[in-house]
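Please read it with the sequence and the structure in view.

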Amino acid sequence: MERLFRPLELGPLRLKNRFVLAPILAGLGEAGGRVTRRQQRFYEAIAEGGAGLLILEPVAVAPGGREHPNQLLATSDESMEGLSRLIRAIHDRGAKAAVQITHAGAAADPRAAGSPPIAPSACLCPSRGTFAAEMRIEEAEALVEAYGRAAARAAAAGADAVEIQAGQGHLVTQFLCPQTNLRTDAYGSDRLLFARQVVHEVLEATGLPI
């Protein structure tokens, strides 16, 4: 138990202890993808509790990748102003802040995204019962770049690290999975390609731990 209170170094990132808040989609943001006061207070309370690292809730890299109407967006400088204030508040309380970036792919909520969902291949999302269309190769390439831009905005907002959502059936996982990636192009012959490109783009954009 004592080890949990010892500092921890993760590459260049030094945490005061080993308590980490995992990302939770609390749904406390504004419909426009911005941080609310209630949302900021939620994280301030956790930072005040002494956690060494707070991984903030999933931030969508594109409007079409939102899974909740109040999910944060990393698509404009305006949407990141509140995130910058939130990260400063976390730092003021002695904790580090990481930003999780994501795209829900087939699991995106059409009402939140404002458009039908897209995925590596056409498929039905079992959790939503909605149908996703297969994205064009140029759309996949554009989303890779969107991850990089979102990561750069997170870094500019003061984030200490960036976490790439690559689980729970979201877009990166959909490219990795043979049931949701039936493509016959480069993204299908090498199901790791999209994930590798996203990681490379994020590292190139930020240099932060991921």
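Strand E8 is joined by 2 bridges to strand E9 (residues 131-134), and the two strands run antiparallel. The model described here is predicted.

- Cys-123 stands opposite Ala-132, a residue of E9.
- The open sheet is formed by 3 strands in the order E7-E9-E8, and its pairing is mixed.
- Strand E7 (118-119) and strand E8 (123-124) are the edge strands, since each of them pairs on one side only.
- Strands of a sheet pair through backbone hydrogen bonds, and the pairing may be parallel or antiparallel.

- Val-162 and Thr-102 are 60 residues apart along the chain, and their C-alpha atoms are separated by 11 Å.

**Helix H2**

- Helix H2 has 16 residues and reaches 22 Å from its first C-alpha to its last, close to the 22 Å expected at 1.5 Å a residue.
- The buried residues of H2 include Ser-79, Met-80, Gly-82, Leu-83, Leu-86, Ile-87 and Ile-90.
- An α-helix has 3.6 residues a turn, so residues three or four places apart point the same way.
- The cover over the buried residues of H2 includes helix H1 (37-48), E4, E5, E6 and H4.
- Gly-94 follows H2 and has a positive phi, near 85°.

**The cavity**

- How many cavities of 30 Å³ or more does a search of the whole structure find? The search finds 1.
- The largest cavity holds about 30 Å³ of space.
- Its lining consists of Gly-33, Val-35, Val-59, Leu-72, Leu-73, Ser-79, Met-80 and Leu-83.
- Strand E5 (72-73) and helix H2 (77-92) are the elements that give two or more residues to this lining.
- H2 gives the most to the lining, with 3 residues.
- By class, the lining of the largest cavity has 6 nonpolar residues, 2 polar residues and no charged residues.

**Helix H4**

- Helix H4 (residues 137-156) has 20 residues and reaches 29 Å from its first C-alpha to its last, close to the 28 Å expected at 1.5 Å a residue.
- Among the buried residues of H4 are Ala-140, Leu-143, Val-144, Tyr-147, Ala-151 and Ala-154.
- Gly-158 follows H4, and its phi is positive, near 105°.

**Val-172 in helix H5**

- Val-172 has its place in helix H5.
- Its relative accessible area is 3%, and Val-172 is therefore buried.
- Not counting residues up to four places away in sequence, Val-172 touches Tyr-147, Ile-164, Gln-165, Ala-166, Phe-194 and Ala-195.
- Val-172 and His-103 are 69 residues apart in sequence, and the distance between them in space is 7.9 Å, C-alpha to C-alpha.

**Two loop residues**

- Apart from its neighbours within four places in sequence, Asp-109 is in contact with Arg-66, Glu-67, Pro-69 and Arg-128.
- Gln-168 is found in the loop between E10 and helix H5 (171-176).
- Gln-168 has a relative accessibility of 73%, over the 50% limit, and therefore counts as exposed.
- Most residues other than glycine have a negative phi.
- Phi of Gln-168, however, is near 55°, a positive value in a residue other than glycine.

Key: Residues numbered from 1 in each chain as written. Predicted model: local features only at pLDDT ≥ 70, side-chain atom pairs only at ≥ 80, totals over all residues. Heavy atoms only, no water. Helix = DSSP H or I, 4+ residues; strand = E, 2+ residues; numbered from the N terminus. Buried < 20%, exposed > 50% of the residue type's maximum accessible area, 1.4 Å probe, protein only. 1 Å grid on protein atoms, 1.4 Å probe; cavity = no way out; pocket = protein on both sides within 12 Å on 5 of 7 lines; lining within 4 Å. Points joined across faces, edges and corners; volume = space filled by probe spheres on them. Nonpolar A, V, L, I, M, F, W, Y, C, P; charged D, E, K, R; others polar. Contact = heavy atoms within 4.5 Å. Expected span 1.5 Å × (residues − 1). Pairing = 2+ DSSP bridges.
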